[in-house]
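Hi everyone, thanks for making time this morning.

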Amino acid sequence: MSLQMSLVFCTMVGQMIILFILVLPLPQMIRQKIVDLTFVIQRSQNFKVLVVFSIVLMGLQFMDCINRLHRYSGRSDDPLLQSGNLIKHSMTLNYDQLASKFYAQRNLYLSGAILYLQMAIATVITIVRKLVQKEAEYRKLVLNSASTEEDDKEITELKHLIEVKQLDIDTLKKQIKGLQSAYDSLSPEPNTTNKKSD
């Protein structure tokens with residue numbers, strides 16, 4: 001394998017590892033860090049240039065591999081295939097041509113896999129972002145409902161305390177009225193004393 005195709009193969013393996021990490025059932029905190037990292041990476045202008053360059057490069061290599069395979073596939077303008085003898089055509093290819101055909105097929109598969117994995121990674125990152133966002137919203141709702149339940153419990157306790165205090169206040173008012181009426185019954189009436197002095 002040439003150096004170029006070794007790099008292409010390593011790129012494909014790297015993409016497969018990234019895709020594997022993205023689809024793992026990781027804890028929310030780790031997924032949040034991955035999503036934050038993807039936001040930082042996608043904001044980088046160098047990353048955008050690298051992605052566009054690699055897509056164009058792999059697309060050109062993919063098209064070149066298709067064109068090379070067309071040389072070895074049976075085209076209708078090939079006089080050997082017009083005679084209808086396909087086996088003779090494959091026997092007419094020498095070992096160098098067969099090796100070139102194999103390399104073109106290998107390169108086609110590798111470049112196609114890289115293009116496909118780039119689309120898959122972009123799609124999975126979008127899905128993971130939505131998943132992290134929905135998980136954060138769910139956790140916030142759970143915390144709000146828990147705090148709402150605690151608030152409701154506290155409100156009920158405070159209402160009960162208010163009712164107890166109101167009963168105490170009503171009891172004190174009754175005691176004050178009772179004491180006032182008892183005091184009034186013990187003290188002489190001011191009207192009767194005025195009349196006696198006249």
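There are 2 salt bridges in this structure, and please keep in mind that we are looking at a predicted model. Let me take them one by one.

Which residue does D64 pair with? The partner is R68, and their closest N and O atoms sit 3.3 Å apart. Both belong to helix α3, which spans residues 45-72, and because they are 4 residues apart there, about one helical turn separates them. As for cover, D64 is partly exposed at 34% relative accessible area, and R68 is partly exposed too, at 39%.

R139 has a relative accessibility of 44%, which makes it partly exposed, and E135 is partly exposed at 26%.

Is R106 buried or exposed? It is buried, and yet R106 has no salt bridge. The nearest side chain of opposite charge belongs to D64, and that one is 11 Å away; a salt bridge needs the nitrogen and the carboxyl oxygen within 4 Å. What R106 does have is a polar contact of 3.0 Å between its side chain and that of N107.

Next, the record. The unreviewed UniProt entry annotates residues 6-26, 47-63 and 108-132 as "transmembrane region". How does the model look over those stretches? Over residues 6-26, the chain is 86% helix and 0% strand, with 31 Å between the end C-alpha atoms. Over residues 47-63, we have 100% helix and 0% strand, and the end C-alpha atoms are 24 Å apart.

Last stop, the surface. F9, V13, I17, F20, I21 and V23 make up a nonpolar surface patch of about 530 Å². Take I17 as one of its members: I17 lies in helix α1, residues 3-23, and at 49% relative accessibility it counts as partly exposed.

That's my tour, so over to you for questions and comments!

Methods. Residues numbered from 1 in each chain as written. Predicted model: local features only at pLDDT ≥ 70, side-chain atom pairs only at ≥ 80, totals over all residues. Heavy atoms only, no water. Patch = residues over 30% accessible without salt bridge, like charges linked within 9 Å, V, L, I, M, F, W, Y side chains within 5 Å. Areas by Shrake-Rupley, 256 points an atom, 1.4 Å probe, with all protein chains shown as cover. Helix = DSSP H or I, 4+ residues; strand = E, 2+ residues; numbered from the N terminus. Buried < 20%, exposed > 50% of the residue type's maximum accessible area, 1.4 Å probe, protein only. Lys, Arg positive; Asp, Glu negative; His and termini not counted. Polar contact = N/O pair within 3.5 Å; in protein donor to acceptor, adjacent residues only side chain to side chain. UniProt positions renumbered as here; feature names shortened; annotations may be inferred.
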